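Have a look at it first, and then read along with me.

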Amino acid sequence: MASYKPTNIPVYPKLGEKVTEETLYWKNYKTPIQIKEFGAVSNIHFSPVTPYNFAVTAFTRIHLYGLLSQEPVKTFTRFKDTAYCGRFRSDGQLLVAGCEDSVVRLFDVSGKVALRMFKGHTKAVHVTDFTSDRYQILTGSDDYTCCLWDIPNSAQLNTYQEHTDYIRCGVTSQLNRDLFVTGSYDHSLKVFDARVDKSVMTINHGHPVESLLLYPSEGLLVSAGGRYVRVWDLLKGGQPLVSLKNHHKTVTCLALSSNGQRLLSGSLDRHVKVYNTTSYKVVHNFDYPAAILSLALAPEDESIVVGMTNSILSIKHRKPSEEAKETAGHQRRRPSYRVYAHRKSYVPKQDDYLVSKPVRQHLAKYDKQLKKFNVSKALDTALETWIRGRKPEITVAVIRELDRRGTLKNALAGRDEQELSRLLSFLIANLVDARFAPVLITAAEMILDIYQSIIGQSPVVDKQLLHLQSLLERELDYQKDLLEVLGMLDTMFASSLPKIELPCSGISTSNGLPQGQSTASRPQVQVN
Amino acid sequence: MVEHGDVRVVHKGGSKINFREPALSTDSRFLLCASGESVKVFSTATEECLHALQGHTDLITGVLLRPSNHLQAYSCSLDGTVRLWDFTDGILIRWAKSNRVNIWCCFIYVWTVHLHVCACTELFQLVAVHLPQCGEQLVEAKELSAVLSNISSNPAASAFGREGQYIVSAKPLQLEVYFFKKHKSYSFFLKKDNQKGGKNTFTCITCHPTEDCIASGHEDGKIRLWRNFNHRKEYTYSTLHWHHSAVSSLRFTPEGTNLLSGGVESVLVQWRYNQESQRDFLPRLGGAITHISVSPDGALFCTSHSDNKITIIQSCVKVSAVIQGLVKGDRIRTDLMIEPRSKALVLNGKPGHLQFYSLQRDKLLYNLDIVQQEYIHESGLEQFEVVMAAFDASGSWLATVEERKQKAPELELNLKLWAFDDQKQSFVLNTTISAPHEGRITALCFPHVSDGQTTMLVSTSRDGHFKAWQLAAPAHTEDEGPSWSCDFLGAYHSLVPECCCFSADSSLLAVGFQEVVTVWTPASWELLTTLSQPPGAVRDLCFGRLSCSKYLLGATTSRLLCCWNLLTCSLEWVTSMDVSLLLADPLSENMAAFCFEAGSTDLFVFKPGEPRPLFSHKALCSGRVTHAVFVPREVMLESCDEASQWLNCSHLYFLTQSMDLLTFITKAEEDKLTASSKQLVVSDDVAMTPFHLLLGKHRDQLENPQGSNVSLPQLLQMPAHVLPSASFLCSMFVQSLLISVNKPSEQNKEKEEEMESEKEEEDSDGEMESRISRPEHMPSGESGCAAPALTKEEVRELRRLKKLDHSWMKGLLD
């Protein structure tokens, strides 16, 4: 006696984005906290030391935020004009920022007034950074020059006038105190050594350079400009390694995840893309409401901070890890000793003869009804709200099963207004789904056959029927359009394929068929 | 039928076991069922076939226990004989022959001395046969007396009443009761049609064993209980209704407390007699129930099913055993296939299943559920059916196609791919592709990859396309394993592809598009060449193997068999024959072509490179042969005979139109089979156990096997249940072993004329013989007093002997 075989619920391939480990990792952030700043957020920089505050440069201010605070813990407001590029020193004590008024200011994080003012540039300073020995500052300006300054006596050490356009990005080496890289709107990147008077390496990016990034090993340099993100191998004399074109607007900012495995790029097209740094494939994508100007990641990827042109700062914090939650829960659930000993702890010994209990088959509600041949009730249980909404494939599978048994008509008939409208609303929601259409069309035909006599008696049902009709008309138009597109594509494919000359077989000359026109088309859409 | 002296066509396995109602023995240990020309005896506990009672020369139409002797059974056959068997030993006791009537359909009912045989000349007659009591084995039945005439040809429509007082027979709308004592018959008629379109036709009948009550089953699912039928007018009947379609079998339990019924629904219903509202159900037994039978003690029921199955049920609660034959159904949809791992024959069996049938053991191995849906037993309902299946060369993948056709435009198709699971030793579903094609699938084939993994499947369909399916690794890491997806879709001038075939090294794929054969390379999916031989569409394609792999053979509908040479892309030869099936032997270059010629099928076996056929067999069977398969042999034959050489590597099995599984057997094989069976009979007396080998060697050392040496094998051969307890035998047994060595030395010592202890030993020896020989007389049944009582003195003496003998005998042995 075979047991009852439950209704087979087909597993449909998931449409849209595939779930990968990457997406799970990057999706594991809370909903973003949004903070309104005074103007476009041009730069975000994390302090390298705990408590990992971050400096947000927006309009004429620099705000310092704590990692978890939503209010600024400190504000620097002593700028005459728009501030640029607020950056921490590697000990987290000092902060440097450029300004539209060409003055570079150095702040103590605990103080308010600028400790030093470096005057010497003639135009806005967009780039500031500390060298790795912590005593010098690099600046780059719209007057095409970049300078090195000494902090203790605020003197200008060196000036380089090699770029031929605005310098908008630059980065200092963390391993060597004399090396730094600048990028300019003249499409070039230049590597400078403070010990000599000239640049030691020039790399052409091909587009105005917006952002630069050095890998922690400093063997690779990443530059962003135009729609391109390019990676250069510095150890091989600046050879291009890879060029990424995944944004459709200018890429404005770059960041590395804390372990250096992933590269993030933000763009004016409102996306942040995450690349795998071994394969340089996009593994994840974040959407933001406005064009992105700045981007930074907290250590250990604890939060992602993005600044946008509409002066909104968006902070995403990572959700607490599930393992910790689970272990905590497990400890709470552990049963008391007595129960534990009584029920669970008996382990059969090697020679014990085990008498297995017959396993009781668990059936879903609709299967129980189907087993008893209660067709109407089976359909009712399959149309319960949560199944209908969450898992329409179950409802469709039950309808298909009823159809197979030849009892779908019986199940559909004899329903009152409420039940009928429930059925119709399910049809309206799922009829045009290509996966369910073959089954549901049969059911819809039957419903129309059964209930055609009562049309006009209930306004609810009539309204739904009209809705269904308009839905079908729209679907027809849509299909027609699709077929047209398909036809166009076919002609394009046919014209692009080379004609193959077939070898003439000995007797097939007599068969009168023209040769060599195989309608072979390349890999098709996967059916399952 | 035999054309070549040494190659013969023989029936091979897979006979029907559900043709007639099986009989259960009184002790419920054996089950007898008619199976073709023999009666098979099954054990109800182990489901194994114990032996077949052979002797009839035509289809057996009835098996029945002899009421007066519970170890004997009657069987009757279309050859006009009734035979009496001892079914535990498989011996024919007597047989009766009737020359007078030309029996073509018969079944038997037995009551005391009368044997009632339903025989038919032109009109169905129930005939009483009196078997004369004489010692001869062959009896001519002369005393024939017709009891009833014009009865139904279905044996279920006639039954004996209480203690054989009357016999009931049902015709379509009439119930006839004949009383033996009064020699009077009564007839009761039913109206032709009820109001609700119910059909009143009788389908089966049974009688209550102790009361005057007849139960009849009807076409519309009703059961009527007839009472008081010895009056023409005052008869009554009550109606029971549960079945929704025809009741096919009815049976009372021996005490008459319950009535069992079964039908198409495959539910065994148990009605309480006189409390008909109470009933028990045993659902989902398999195919439709065709017969029910009950063992005489009422402990076991057994039901025969339309899918060639007998189910044994313990007291209407639990299915205890299932005896399953080869399911042939009405139609074989899939081809015959061989599973490469177990060499089992695979074809579609039960609805929605593939059956794996062992040809060596003539036993169904298992059924693989392909459709995985609850089967609804309802006539006229369109069900999913397995229509196509294919194995890859190593047996690690199975592809199946199931389809269900509801209305003309709506065809539901599923292509499923199954991977062999080494742990479960079975196929596990890997990928389901719903609606793989828009039209019906016409062919399915895997490439022949000798080593490594198969990663491709090609299917052709009536929608004008062929598709290549590829096993692809999962795109993302969290998907559990590789699955199949579409790799390529090919078409040719919107013609319909009918067949496809891979070349032996899988470098070429030939697809037959009606009149045109297209040859593709699977590596890059380029069309290499086209071949054609108009008019007539290509029906069958086959590449040559081994040295003939350059040839491609095609059979066309215009009665042509063409052979193309692929090196020159030209036609090599063509011959005119109506090929219904073209097959290639996977282990040799041979090909078999079944040709339909003038109402019967001829077989030609040939090599594509040679003009002369290796073997031909005219008029193999009537009708077309559309299913055949080459089965690789386990041991190669080394026959040099030209006509049978093609059978060296493989067997050829084929199914005729009447669903008989036939095969070819060579003379040498046949001789070997008979020889081995003879040898079995000779060497039957001593079992070749390791123990026997040990003892046998021992015995060979002795020249004069006498005394206890003779008794040893007797002791070993004795059935265990008639022997005294082991503790009792142990000392004797050990001593008999010791003595057998001592004999010669004993004689030596006698010469020296020594102690009386030896005499004592002689005595004990004699005693032992008598004791051992005693059990031989015991099978007659007095095993209760098996252990002969020893007197105290004897026991004491024995003990003393043991102590005495031990030391010096050991010295001698060393």
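Here are my entries, in the order I made them.

**Ground rules.** I am working with a predicted model, where local features need pLDDT of at least 70, side-chain atom pairs count only at pLDDT 80 or more, and totals for chains, interfaces and linings use all residues. Residues are numbered from 1 along each chain as its sequence is written, chains are lettered from A and ligands numbered from 1 in the order in which they are written, and side-chain values use heavy atoms, without hydrogens and water.

**Chain B overall.** I looked up the secondary structure and found six helices and 57 strands in chain B; these are DSSP runs, H or I of at least four residues for helices and E of at least two for strands, numbered from the N terminus. Of the 814 residues in chain B, 52% are buried (under 20% relative accessible area with a 1.4 Å probe, protein chains only). I also checked contacts (heavy atoms within 4.5 Å). Among those in chain B with a separation of 6 or more, 45% join residues 24 or more positions apart.

**Two helices in chain A.** Next I turned to α9(A), residues 417-430, and α10(A), residues 437-451, whose axes come within 11 Å and cross at roughly 145 degrees. The axes are lines fitted to C-alpha atoms over the stretch in contact, and the angle runs from 0 to 180 degrees between N-to-C directions. On the α9(A) side the contact includes Leu420(A) and Phe426(A), and on the α10(A) side it includes Ala444(A) and Tyr451(A). I sorted the contact residues into nine nonpolar, one polar and no charged (Ala, Val, Leu, Ile, Met, Phe, Trp, Tyr, Cys and Pro are nonpolar, Asp, Glu, Lys and Arg charged, the others, Gly among them, polar).

**Charges over rings.** Last, I found the charged end of Arg230(A) over the ring of Tyr228(A), 4.6 Å from its centre (the cut-offs are NZ of Lys or CZ of Arg within 6 Å of the ring centre and within 35 degrees of the ring normal). In chain B, Lys182(B) lies over the face of Phe179(B), at 4.8 Å from the ring centre.

Key:
Buried means under 20% relative accessible area, exposed over 50%, partly exposed in between (1.4 Å probe, protein chains only).
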